[in-house]
Amino acid sequence: FIAGVNFALHYWALRGKPNHYLKNPEFRFFAGVIALALLLIMIIRMVHGKIPSEELFRSSLFQTVSIVTTTGFVTDNYETWPFVTQLILIVLMLIGGCTSSTGGAMKNVRVMILLKYMGSELRKIFHPHGVFPIKVGERPVPENIVSNVMAFVALYALIFGFGVLALTGLGSDLETSVGSVAATLGNVGPGIGAVGPTENYFHIPTLGKWILSFLMMT
């Protein structure tokens, strides 16, 4: 979790200003994503028969943090969990850590801006003449930054889609294709399907390995 946080916040904490953590909107969003994902995963697992326990909380929390920070450690075979929880982990693989952290994927601040942009556009539908600036915290985000973020997210989604299409075309099932592309594009490690936490990438065709290697470097 510490490695997935903006290292500038650690610097200020070491300088005696730990309140910078809670003041930072990306940190709050990052912690909120983890809390929400943890809550959903635990509820879904309990609905499917898992008894509430310390082990349930610990395994769910560890895998949530490990995946969203793109650390890739595994202490529980999450492929035995309900499939919808694995979809939540895929979303976490796409989000990743904070800016200026060791985490990969899209980064939380870009996801924040994307969601705020979507909210702004929805509000314009009902109030066409309204002006709804996009803010991160109290600071308005310049339009060129918003455009750059939208372009990055669109490119990320495009590369993700082409990667899944390529792996599927090479014979992998859809679940494995989505899991392997999400895991390598975000530099997570374990995915879902045949590249899950107890599997590896050995069976992926040679061309598929080259494609996934390219995704790791993008």
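Author: Keep in mind that this is a predicted model. The second largest pocket holds about 210 Å³ of space. Its lining includes a run from Lys23 through Asn24 and Pro25 to Glu26, and another made of Val136, Gly137, Glu138 and Arg139. Asn6, Thr99 and Val109 complete the lining. Sorted by class, these residues are 3 nonpolar, 4 polar and 4 charged.

The largest pocket has about 240 Å³ of space. It is lined by 13 residues, and those closest to its centre are Tyr117, Lys124, Ile134, Glu143 and Val146. Two helices, H6 (108–126) and H7 (143–169), each give at least two residues to this lining. H6 provides the largest share, with 4 residues. By class, the lining of the largest pocket has 8 nonpolar, 2 polar and 3 charged residues.

In soluble globular proteins, nonpolar side chains tend to be buried together. The largest nonpolar core of this model has 50 residues, and Met93 and Ile113 touch the most other members. Among the elements that supply two or more residues to this core are H3 (25–47), H4 (54–68), H5 (83–95), H6 and H7, and the list also includes H8 (174–185) and H9 (206–217). H7 gives the largest share of the core, 8 residues.

Ile113 deserves a separate look. Apart from neighbours within four places in sequence, Ile113 is in contact with Val136, Val141, Val146, Val149 and Met150.

Methods:
Residues are numbered from 1 along each chain as its sequence is written. This is a predicted model: local features need pLDDT of at least 70, side-chain atom pairs count only at pLDDT 80 or more; totals for chains, interfaces and linings use all residues. Side-chain values use heavy atoms; hydrogens and water are left out. On a 1 Å grid over the protein atoms alone, a cavity is a set of points where a 1.4 Å probe fits but cannot get out, and a pocket is an open set with protein on both sides within 12 Å along at least five of seven lines; lining residues have an atom within 4 Å of a point. Grid points are joined across faces, edges and corners, and a volume is the space filled by probe spheres set on the points. Ala, Val, Leu, Ile, Met, Phe, Trp, Tyr, Cys and Pro count as nonpolar, Asp, Glu, Lys and Arg as charged, and the others, Gly among them, as polar. A nonpolar core is a set of buried Ala, Val, Leu, Ile, Met, Phe, Trp, Tyr and Cys residues joined through side-chain atoms within 4.5 Å. Buried means under 20% relative accessible area, exposed over 50%, partly exposed in between (1.4 Å probe, protein chains only). Contact means heavy atoms within 4.5 Å.
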